[in-house]
Amino acid sequence: MDPFVTLTAPAVPLDIANIDTDQLLPARFLKKPRSAGYGNFLFHDERKPGFPLDDPAYAGARVLVSDRNFGCGSSREGAVYALVDGGFRCVVAPSFGDIFAANAAKNGLLTIALPEATVADLRRQLQETPGAAVTVDLPAQTLTGPDGQPLPFAIDPFKKECLIEGLDDVALTLRHQDAIDAFDRADAEARPWLVPGA
Amino acid sequence: MTQHPRSLFDKVWDAHLVATRPDGQALLAIDRHFLHEGSFHAFGMIDHAKRPVRRPELTFAVADHYVPSHSRAKPIADPEIANMVTMLEANAGRHGLRHFGLHDPAQGIVHVLAPEQGLTLPGLTIVCGDSHTSTHGAFGALAFGIGATEVSHVLATQTLWQRRPKTMRITIDGELGAHVTAKDLILAVIGFIGADGAAGHVIEYAGSAIRALSMEGRLTVCNMSIEAGARAGMIAPDDTTFSWIEGRTYAPKGALFDRAVAHWRTLPSDPDAAFDREVSLDAAAIAPSVTWGTSPETAVPVTAAVPDPGAESDPVRAGQMRKMLDYMGLAPGTRLEEVAIDRVFIGSCTNARLEDLRAAAAVLRGRRAMVPGLVVPGSVPVRRQAEAEGLDRVFTAAGLEWGEPGCSMCVGINGDLVPAGERCASTTNRNFPGRQGPNARTHLMSPAMAAAAAVTGHLTDVRKLGAR
């Protein structure tokens, strides 16, 4: 995956709570191979007149600023593929669906959780100055909105390291091969019923 | 030194720690990995990296999302859908995995099949590339949904990196009223704490109302944990759990079963175990519930009216309510019982078990449905047993269709869709915009409530209609 270090890009506000992964990627596109790209499926059924992602004022947005519980629902990683293939590298919201946030990190999409009032203020700024850019500095853990005020954000250190270095975590896990083998041996003694029908 | 009191979750988590990094990330051993047709991305990843499946004997493939609900005698007509079903078979075959395919006598929705086959056991860690994997927590397992990259990681390593979640105990004491079911209970919980009320937490459901539930009811409750944003939902295993498991195909047998039960009895939370959050609800106060909006958190008693955004002080929230009402085609103040429906769907990993079908049939027996509807059992064994009890004839006599097992109209990717603009009384788990089809309108409810709506043609308090 592409490493994420810093980003300065236009941001688009989306005043909708509980945006679920069915809205991000309608289920009928789940059977599509990734090779052709998922960008055209992003919010496919929400693309009605007035939808901010289709507003030319927000063209080229790479940051999405939304409301609470973004990415709730289905575990489909395709929702992340649709955002990434649609050009997005970062989503800001008061809270995220846990599975979505985990999937995002595995694909170089940064999720930033900030307090509800802070995110609402950021959306308001973006509505007042459409097309304004924001700057994300992942090593420094700050997001700077149109008002130039750097907002510190928290991130899991492991997630941060994987994003900055673009790490494949299977390779990382295989460094623990001895521990996995030892666990399996001890566990086979402790829980002999683990393997079905054995 | 006495040991620190631990919760059910703590015990299962601690027993699966393979390694812990200084930053707190834990490498967890995974005991069961279930796959469905959507796993093709993950197989692509491990095949691309030339990595084998580390523990094929702990990995099970189940065809459920794309399988047809109608006759299976002929091949699947849509080539893209057919390809999804055959691709799973090919991937499972190449990696030597047990595959429950379209024509398998145990086939069904993975979250119905695995408990039924004795694959789901207390104390296990269980993952699947499906958010409703939380279902299996009903057995006291730690079970959660993961995405494609994590599926590929589990295939290759039989482990997963996780940060220890917080814990929340939801205690529901008292007795549920007549015709009030596990579905109403979990809808009430989600309505109370919100669609992100348990984000970052593993829920343990406790209290006398939970203990009184059958395994089917517990599965329904844990199934919808994800709709409250929870990482997982768990219920302590007890004699109800052990007697459900005993004798099932893949469950441990004889002395091994006894040894397993002795271990499982140590799993329930210690009396003084601490939780990061505690929530309590009174079972007796829970009414048959329905949702009015496009999030499960819009669950309210069926006796209520559609809420008024004008009464909401936060303008952003009021705008979001208007958007939901617009999508749902509802006017503020309308009594929910006056809302006419176009069809019903009874099925899904939430409510397609035998108990669910019996409850729906009890309302429909000797009555006619005013609207079309589809009843899809959760598995072939559920379907056979329902037929042995004559439930299929109750549904068809009422004018409903009796389908073949699978996810069907819950997610609509096998071709079973609610037509645009139509309103569906549904026993599923999600009422998201477009979930059952573009512009489909979904009201979530219990099987008995969906059956009552079928009989009257509008949302109905099943307590007024009664069962037969």
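Visitor: How many Å apart do the C-alpha centres of domain 1 of chain B and domain 2 of chain B lie?

Guide: Domain bounds come from an automatic or database domain assignment, and for chain B that assignment gives domain 1 (8-277) and domain 2 (299-461). In this predicted model the C-alpha centres of the two domains lie 24 Å apart. Local features need pLDDT of at least 70 and side-chain atom pairs count only at pLDDT 80 or more, while totals for chains, interfaces and linings use all residues. Residues are numbered from 1 along each chain as its sequence is written, with chains lettered from A in the order in which they are written.

Visitor: How many residues does the contact take from each domain of chain B?

Guide: Two residues are in contact if their C-beta atoms, placed from the backbone, lie within 7 Å. Here the contact takes 37 residues from domain 1 of chain B and 34 residues from domain 2 of chain B.

Visitor: Which helix gives the most to the domain 1 side?

Guide: Helices are DSSP runs (H or I, at least four residues), numbered from the N terminus. On the side of domain 1 of chain B that touches domain 2 of chain B, helix 4 (110-116), helix 6 (182-193) and helix 8 (215-223) of chain B each supply at least two residues, and helix 6 of chain B gives the most, with six residues.

Visitor: How should I read the contact between chain A and chain B?

Guide: The size of an interface is often given as the accessible area lost when the parts come together. Counted by residues in contact, 47 of chain A meet 54 of chain B, and helix 3 of chain A contributes the largest share of the chain A side, five residues.
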